[in-house]
2 protein chains.
Amino acid sequence: MKDFSLYVITGEQFYPERNYLEVIEEAINGGADIVQLREKKKTKRELLDMAKHLKDLCVRYDVPFIVNDHVDIALAVDADGVHLGQDDLPLEEARKILGPDKIIGISTHKLEEAKRAEEGGADYIGVGPVFPTITKEDVVDPVGLEYVREVVAHIRIPFVAIGGIKLHNVDQVLEAGAERICIVSAIVGAEDVQGAARAFASKIKQVRK
Amino acid sequence: MKDFSLYVITGEQFYPERNYLEVIEEAINGGADIVQLREKKKTKRELLDMAKHLKDLCVRYDVPFIVNDHVDIALAVDADGVHLGQDDLPLEEARKILGPDKIIGISTHKLEEAKRAEEGGADYIGVGPVFPTITKEDVVDPVGLEYVREVVAHIRIPFVAIGGIKLHNVDQVLEAGAERICIVSAIVGAEDVQGAARAFASKIKQVRK
Ligand code: NI
């Protein structure tokens, strides 16, 4: 897969008065280089509509577009891939449906899950939640920076640190060894979305150069 | 598709102390000839597990197995088809993903929806809710027997009447012209599941012979 460093995820609760396409486009203009559709309260049909529009946007900017959970929606819009949690369709089943070329990302909360995802052929893993977060409904206890360090030491596929990462704590995550960061509310919920994305992107750039 | 006349749907709330496979097998033994997996509160992974087991059961009895809503789960277990509501993935998208051979059923609540489903290539439609029901979470107002009669008059693909149908009111539905009946709680929630299925099956048999 095309490498990425700043992963953004939709979350309509963070921009109730704004259009998601505008918000995501600003994030991309600020440096977000992969986009995920994740909305837990929408119907399939609403998700499909969002997915079509986001896919078009992402194609225009040559940025991978990932659908959370719904492999069927990913197929319907020919998304670049899916992101699956530990309670979603297992990696093996999703791979069978999507074929070898689609990106499959897996949320992991401990090294055992990370290893299983790596061995199972995941294209990347999510590592977190690093810090406490209210973004996801069913909140998992934060795993802390220690888990980031473990992944750096033991896992070879790309990983993206996620969960409660803000401008004031992102340096710790980067120092722990993360080279890819996923941000939700601190970008899409920011007053200046593009500026927020740019701030994170430049932090990441410093450690990656 | 293989014709059917007595459609049963899972619903773990109706048999909290029983295993769903036992319940569905009893329903089949009583005369149910098509089975749908519909559970609104399960994770994808739980659904996948149920779908695998139900598919095996249905293969054993040569009864079609349908998955509600989740086209990806249907693909993963090679189910015979999917059943889609008006808020789920649209028929056209599901057909693209599933191909021409899989069964696609569509819930309809008015003639306009029924016609659209027929024109779009649905294999069957659900017609209801005929009577008030608490089976589905987001309850739609009952459409009554009048809608059943309209469908009989105007729609050519198979339809299955659904919603609040019990032994004491099934005759009205059959008299209105339905030849296929979907039963949830009155079968899977019955104390004698097989006996309940047999009672409905024999009612249907009388009108179909
Ligand atoms: Ni779903």
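Guide: Let us start with a term: a residue is buried when its relative accessible area is under 20%, exposed when over 50%, and partly exposed in between, with a 1.4 Å probe and protein chains only. The model you see is predicted, so local features need pLDDT of at least 70 and side-chain atom pairs count only at pLDDT 80 or more, while totals for chains, interfaces and linings use all residues. Residues are numbered from 1 along each chain as its sequence is written, chains are lettered from A and ligands numbered from 1 in the order in which they are written, and side-chain values use heavy atoms, with hydrogens and water left out.

Visitor: Good. Which residues of helix 2 of chain B are buried?

Guide: Helices (H or I, at least four residues) and strands (E, at least two) are DSSP runs, numbered from the N terminus. In helix 2 of chain B, the buried set is Lys44(B), Leu47(B), Leu48(B), Met50(B), Ala51(B), Leu54(B), Lys55(B), Leu57(B) and Cys58(B). As a general idea, an α-helix has 3.6 residues a turn, so residues three or four places apart point the same way.

Visitor: What do these buried residues pack against?

Guide: Contact here means heavy atoms within 4.5 Å. The buried residues of this helix pack against helix 4 of chain A, and within chain B against helix 1 (20-30), strand 2 (34-37), strand 3 (65-68) and helix 3 (71-77).

Visitor: How does the length of helix 2 of chain B agree with what it should span?

Guide: The expected span is 1.5 Å times one less than the number of residues. For the 18 residues of helix 2 (residues 44-61) of chain B that should be 26 Å, and the end C-alpha atoms are 25 Å apart, which agrees. After the helix comes Asp62(B), with a positive phi near 55°.

Visitor: Lys55(B) has a charged side chain; is it buried or exposed?

Guide: Lys55(B) counts as buried because its relative accessibility is 17%. This lysine sits in helix 2 of chain B. Not counting residues up to four places away in sequence, Lys55(B) touches Phe65(B), Val77(B), Asp78(B) and Ala79(B).

Visitor: Now the interface. How many residues of each chain are in contact?

Guide: There are 20 residues of chain A in contact with 20 residues of chain B. Buried area is the accessible area (1.4 Å probe) that two parts lose on being put together, summed over both. Between chain A and chain B that area is about 1,700 Å², and carbon and sulfur atoms give 56% of it. On the chain A side, Lys44(A), Arg45(A) and Asp72(A) lose the most area to chain B, together 32% of what that side buries.

Visitor: How many residue pairs are in polar contact across the interface?

Guide: A polar contact is a pair of N or O atoms within 3.5 Å; within protein, one must be able to donate a hydrogen and the other to accept it, and residues adjacent in sequence count only if both atoms are side-chain atoms. The rule finds 15 such residue pairs between chain A and chain B, both residues being at pLDDT 80 or more. On the chain A side, the elements giving two or more residues are helix 2 (44-61), helix 3 (71-77) and helix 4 (91-98). Helix 3 of chain A gives the most, with five residues.

Visitor: And which salt bridges should I look at?

Guide: Side chains of opposite charge can pair when their charged atoms come close. The rule for a salt bridge is a side-chain nitrogen of Lys or Arg within 4 Å of a carboxyl oxygen of Asp or Glu. Over all chains the count comes to 34, and between chain A and chain B it is four. One to view is Glu93(A) with Lys52(B), at 2.9 Å from N to O. Glu93(A) lies in helix 4 of chain A and Lys52(B) in helix 2 of chain B, so the pair joins two chains. Glu93(A) counts as buried at 8% relative accessibility, whereas Lys52(B), at 36%, counts as partly exposed.

Visitor: Where do Glu112(B) and Arg116(B) lie?

Guide: Both are in helix 5 of chain B, four residues apart, about one turn of the helix. Arg116(B) counts as partly exposed, at 43% relative accessibility.
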